Amino acid sequence: MVKRASLIALLLVATGAGATDFDELPRCSTGKVKALKFFHVGQASLFRPDCAAADKLAPPLRLAFGYNREVPGDAFAKAAREMIERNLSEQRFQALQQRLDAFNRHYRTTNDGDRYTLDYDRDQSLVLRLNGEVLAREQGRDFADAYLSIWFGEDPYSDNLKDALLSGGA
């Protein structure tokens, strides 16, 4: 009986059972994404299993961005690097820089209707998708915390967007 239970547990882990179904998470909040503080380029939404949870950034969560215009892929990569660097100590940024640059190389240009998602799961994995296609994956809470600082750090991309996403307002 113990062998059978162990085999079932192994099969569940191997098939990904128990992993978060991010498409089933409820949307907790939404905010406008603006470039240069006034060009509306899309909207961001935060999805969590429990919108009332005290720690709004604990995994699992999905941060989704829908775009209504073209945004160059290199602009995403450059902005991500700059935002992370300004939210981390120099030492912490240097420790993560290679991983951040490797992750950021996967951004692509968006067009009207495209959707980026950033999924942070309980296993501490952070996955970047464009229209459902996996572009990049990185492991570790240190990395995920650094990456989420773009929108939720002390000096975020947009204070208004941060407030909208964390307030729970839609």
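**Helix packing and a disulfide in a predicted model**

At 8% relative accessibility, Ser-149 counts as buried (buried means under 20% relative accessible area, exposed over 50%, and partly exposed in between, with a 1.4 Å probe and protein chains only). The structure is a predicted model, in which local features need pLDDT of at least 70 and side-chain atom pairs count only at pLDDT 80 or more, while totals for chains, interfaces and linings use all residues. Residues are numbered from 1 along each chain as its sequence is written, and side-chain values use heavy atoms, with hydrogens and water left out.

Ser-149 lies in helix H4, residues 141–152 (helices are DSSP runs of H or I with at least four residues, strands are runs of E with at least two, and both are numbered from the N terminus). Leaving aside residues up to four places away in sequence, Ser-149 touches Ile-84, Asn-87 and Pro-156, where contact means heavy atoms within 4.5 Å.

Ile-84 of H2 also takes part in the contact with H3. Helix H2 (residues 73–87) packs against helix H3 (residues 90–104) at an angle of about 165°, and their axes are 10 Å apart. H2 is therefore roughly antiparallel to H3 (angles under 35 degrees count as roughly parallel, over 145 as roughly antiparallel, 65 to 115 as roughly perpendicular and the rest as oblique; axes are lines fitted to C-alpha atoms, for helices over the stretch in contact, and angles run from 0 to 180 degrees between N-to-C directions). The contact is made by Ala-77, Ala-80, Arg-81, Ile-84 and Glu-85 of H2 together with Phe-93, Gln-97, Leu-100, Asp-101 and Asn-104 of H3. These residues divide into 5 nonpolar, 2 polar and 3 charged.

A disulfide joins Cys-28 to Cys-51, with an S to S distance of 2.0 Å (a disulfide is a pair of cysteine sulfur atoms within 2.5 Å). The link of Cys-28 and Cys-51 is left-handed, with -80° about the S-S bond. Cys-28 lies in strand E1 (residues 27–35) and Cys-51 in the loop between strand E2 (39–47) and strand E3 (61–67), so the pair ties together parts that are 23 residues apart in sequence. Cys-28 is buried, with a relative accessible area of 10%, whereas Cys-51 counts as partly exposed at 30% relative accessibility.

Asp-50 lies in the loop between E2 and E3 and counts as partly exposed at 41% relative accessibility. The C-alpha atoms of Asp-50 and Pro-26 are separated by 7.9 Å, although these residues are 24 residues apart along the chain.

Terms used. Nonpolar A, V, L, I, M, F, W, Y, C, P; charged D, E, K, R; others polar.
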